Amino acid sequence: MVSRSVLLVVFSLLSQSIEAFHNLYPIDIGLSEEDPFMPNEREVFDDCHMRYMRYGKDELEVADSLEPYDEPRDYSHIAAIGRRETGDTIEWTCIGTLIWDSVVITSAHCTTDKGLNGAPSVVRLGGPKYVQQRNVKEVIRHPEFSPSDGQHDIALLQLDRKVAINETVVPTCLWLWDDVPFDKLDYIVRIAASKEQQLAEYATVDMTKLNVKGEECLSPTTSQKGIPDSQLCVKPVELDQNGCKDSPEGNPLQMRLLHNFKTSPFLVGIRSSSFTSDSCNPRRSFTKIGPYRDWLMQVLLERNVSVTPDNLFPINCARRFASLRPRADELITERNGEVPINSIQVESVHERELKYIVQFEWPSEVENMARLLCAGTFVDQQTVLTLAECVVPSTPRGVQPIAVVHRTRFRNVSHPIKSITVHPGYVEGSQRNNIAVVKLQSNQEVVPACIWTHDALPDSRVDLTGAGMNFLNNYQELFFDETEFGNNLVQPAMDYYPWENCSTELDHLSGNRSLEGLNKNEHLCFRSDQWIVPGVCKDVHGAPILRYINRAGAYFKYVYALTIAGQTCGYGQPTVAMKLAPHAAWLRSVILPNPSSSGRVSSESVIVINPDLKRSDECSNGDGTMGICVPYELCLSTKERLRKGERVTLCTDGSVVCCPWGDIARNSGTNPVRIELDSCEDRYRSIRLQRYSDQSEDESQYTNLPHVAEIGWPQNNGRIEFDCMGFLITPALVLTTARCLETYPHKPTVARIGSVQAADPSNVVLRTIRRVRLHEDYDPQTGENNIAIVVLTAPIEINAHHFPGCLFRNNTHLPTRQFAISEDEQRTFFEKVSPLYRTECEERWTETLAPGQMCLLKAQPESVFRVSNKCLNMGDVIVWENRTQDDIFDVVYLVGLFSHGGCGLNNIQIGTRISFYYDWITTNGK
């Protein structure tokens with residue numbers, strides 16, 4: 001017996017090759033260029049893309065193009081049946097279907113003499129390059145075949161030897177059930193086959209199923225009683241007068257069923273002679289395969305054909321020949337990333353990428369299997385959404401789930417539940433308001449789904465979550481003999497289905513479930529005309545229906561709805577789901593009941609933005625006091641007004657405020673450092689333009705970071721060690737951390753600017769240091785006020801290789817897309833970091849965040865298996881690049897300086913927030 005540890009090693013090795021999720025490609029709804037700012041505390045409900053920016057994936061995984069097949073595979077199971085004539089020529093008179101490597105099925109009337117040259121004697125398959133021809137060893141008609149009325153019109157041809165199974169010759173699968181649920185089927189006809197045309201060509205005609213007892217299916221050969229239940233009655237979807245010449249010749253009626261991103265033909269029926277041929281009757285009758293499954297098996301066993309009943313079972317047939325079936329190319333090319341190629345990779349997707357989908361753990365006395373199989377979806381790291389029916393008390397004693405659990409093959413990860421809130425309008429047995437919020441006892445490291453709060457769907461194509469057999473949900477180009485029949489969560493692509501069409505089909509979904517209360521305002525429907533092999537996907541109640549959407553240059557999954565009813569994940573039959581948008585207000589009240597409830601005043605509640613005001617305009621804060629719009633750092637009362645929760649009016653943006661006349665700082669305009677910093681964006685605009693222009697001509701000369709400085713200390717050996725990073729904010733000032741300047745007992749003596757990633761040393765500037773100024777309240781124990789100014793002996797020369805960057809001055813919001821620039825063994829790397837709300841940070845950090853600190857986490861892009869994890873160095877600069885429409889005049893802003901934090905991906909990174917120290921910088925940089 002294989003040990004668990006060995007299985008884990010094998011699992012690890014086999015799953016390594018799939019690095020990306022394989023959902024539908026993310027859609028762009030016009031929000032890809034947004035550059036959101038996150039407030040200090042949570043204020044709005046629709047903030048998922050900001051709150052979890054660290055998980056956003058910003059790269060598409062484009063799969064390699066698919067190689068075309070050497071020969072078409074659509075008719076690899078179709079056989080031409082012929083009779084030898086004198087002179088050894090062959091008259092190809094009928095069509096058959098290969099069902100095993102030595103057996104062909106056709107109609108019984110095709111095997112009778114009918115004035116032809118005896119019974120069938122030869123079968124031909126494959127082509128056009130690889131043709132296989134076999135002689136007929138025996139003809140076996142159904143013993144009750146009636147030529148007069150076409151009853152039991154079915155026969156087998158046993159070949160004299162086996163055919164070679166390959167890409168061009170593959171047995172069909174059989175639909176072995178009496179019931180045929182497909183409304184539309186494929187009818188195979190010959191379009192060329194004669195003495196002159198020795199290689200048959202085939203075509204497919206779309207057929208629609210009719211009621212066998214209806215008037216349309218009355219036939220002279222059935223005494224006007226309609227055809228029997230053992231047959232099917234169909235007609236072409238599009239009538240063609242050429243059909244008058246169509247004679248029954250054993251034509252197969254089939255349905256191609258999806259599995260493994262391929263389709264297999266399932267033989268449903270064989271063209272019978274119940275209707276008179278050559279009568280321009282558009283209707284056709286077919287002998288169903290299902291009612292004859294026992295007879296077929298008996299005949300095969302009596303003739304020692306090496307087949308068992310299990311071999312013909314649809315799941316096994318689909319699995320056995322999956323590597324030889326034609327691809328559903330459009331399903332592969334529409335997906336982002338690699339499609340799993342074996343069952344272990346399907347399990348890997350379930351375990352790694354779908355952790356946000358959980359089931360519910362009930363006390364042992366609960367035995368309701370439907371409730372045990374319900375799913376829930378993480379919508380933040382402590383909140384799970386599900387159906388109300390999945391969590392309402394199941395016993396008179398009010399027993400409810402005790403935990404959510406993510407189940408995999410080798411382990412179950414359980415998270416205890418803190419509270420369950422069911423929609424107050426939900427009534428058991430009804431599908432109205434069938435939604436509930438489950439709060440966990442603690443946050444979990446899970447990449448949650450975002451809630452789509454808009455009524456309209458952004459695209460008609462969705463990822464629908466269900467459960468399916470592993471070996472039917474991978475893409476096989478080679479045969480894998482997989483013996484384990486495990487189930488995992490899968491997310492096939494599905495289409496939105498208009499409610500007007502869906503409502504007529506809901507009776508098929510009921511089963512043991514009540515569909516009372518379904519309505520177009522609260523529910524969505526999804527359906528595809530494509531059917532699947534049983535076992536590919538089964539609906540899971542409460543499972544999410546979603547789509548990845550591009551927001552702010554990254555991709556986030558947005559859940560639209562939760563599955564309520566369905567059987568096949570929308571394939572062939574509709575799946576109905578509870579739409580979340582109509583319940584957005586209730587969800588907001590439960591998930592975010594008290595915005596900014598931490599005790600700090602919400603910036604939204606006290607800040608008013610007036611886009612019509614600009615600097616130097618006269619203004620009012622709404623309390624009767626008049627003032628003028630000035631940079632916020634010049635207004636002495638702004639911080640106090642914010643602290644008291646009084647109104648503050650922003651003039652256009654966060655850097656200019658409405659300040660009462662008596663609160664404006666005097667003589668502030670004479671500070672040259674403030675003037676320099678305030679005008680940074682416009683002051684160096686021409687330099688940025690020049691750099692962009694020159695870079696387009698010779699990119700190799702402009703690889704350096706023009707604002708980044710390195711600070712050096714002399715060593716005993718005469719060398720200089722550049723152990724700290726800084727940021728050039730004026731031609732003579734560099735910002736860094738106080739802790740960084742304490743690297744050595746003695747002070748640094750030199751700074752070099754523009755050296756990081758410089759290709760040409762001649763473009764680097766060196767300046768000696770005149771003095772350094774550490775913040776007077778710097779606390780080396782806590783890292784508070786960890787900031788310092790380095791003053792150069794002389795300003796540097798400004799050019800396209802080295803010039804100052806700007807300071808981010810907004811003290812109420814932070815950019816969600818920031819990068820920490822660091823060096824590791826002489827290599828520069830850019831670590832994407834994202835801010836946290838202050839309250840959320842303190843919950844994780846277990847310490848109080850100082851006013852001048854900001855809290856960050858390193859990026860962990862979803863579905864990236866191996867995330868680069870490097871330690872940041874004290875003094876590393878943290879920047880934001882302001883996105884503009886043409887990306888030419890982008891300004892790089894210093895947002896923070898790395899102060900301290902662990903190296904792990906989930907370790908809090910503490911930075912010194914530059915905006916908080918803007919006044920200190922302008923005062924001490926003079």
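Predicted model: local features only at pLDDT ≥ 70, side-chain atom pairs only at ≥ 80, totals over all residues.
**Stop 1**

Now widen the selection to strand β19, residues 403-407, and strand β20, residues 412-422. The two run antiparallel, and five bridges join them.

Next, bring in the neighbours. β19 and β20 belong to a closed barrel of six strands, with antiparallel pairing. To trace the barrel in order, go β16-β17-β18-β21-β20-β19. As you step from one strand to the next, the twist averages 45 degrees.

**Stop 2: a helix across the strands**

Select residues 584-591, which make up helix α10. What does α10 lie across? Colour β17 (375-380), β18 (383-386), β20 and β21 (436-440), and you have the set. Against β21, the helix runs at about 20 degrees.

**Stop 3: the disulfides**

Time to show the cysteines. How many disulfides does a search of the whole structure find? There are 14. Let's visit a few.

Pick C502 and C525 to begin with. Their sulfur atoms sit 1.9 Å apart in a disulfide, and the link is right-handed, with 60 degrees about the S-S bond. C502 is in helix α9 (residues 499-502) and C525 in strand β27 (residues 523-526), so this pair ties together parts that are 23 residues apart in sequence.

Move on to C537 and C569, another disulfide, with 2.0 Å between the sulfur atoms. Which hand does this one have? The torsion about the S-S bond of C537 and C569 is about -75 degrees, so the disulfide is left-handed. Look at the loops here: C537 lies in the one between β28 (531-532) and β29 (538-539), while C569 lies in the one between β31 (554-565) and β32 (575-579), so the pair ties together parts that are 32 residues apart in sequence. Are they buried or exposed? C537 has a relative accessible area of 5%, so it counts as buried; C569 is buried too, at 0%.

Last up, select C635 and C659, joined by a disulfide with an S to S distance of 2.2 Å. This link is right-handed, with 85 degrees about the S-S bond. It connects distant parts of the chain, 24 residues apart: C635 is in the loop between β35 (626-631) and α12 (638-644), and C659 is in strand β37 (residues 656-660). C635 is buried, with a relative accessible area of 6%, and C659 is buried at 0%.

Notes: Residues numbered from 1 in each chain as written. Heavy atoms only, no water. Pairing = 2+ DSSP bridges. Helix = DSSP H or I, 4+ residues; strand = E, 2+ residues; numbered from the N terminus. Axes fitted to C-alpha atoms, helices over the stretch in contact; angles between N-to-C directions. Contact = heavy atoms within 4.5 Å. Disulfide = S-S within 2.5 Å. Buried < 20%, exposed > 50% of the residue type's maximum accessible area, 1.4 Å probe, protein only.
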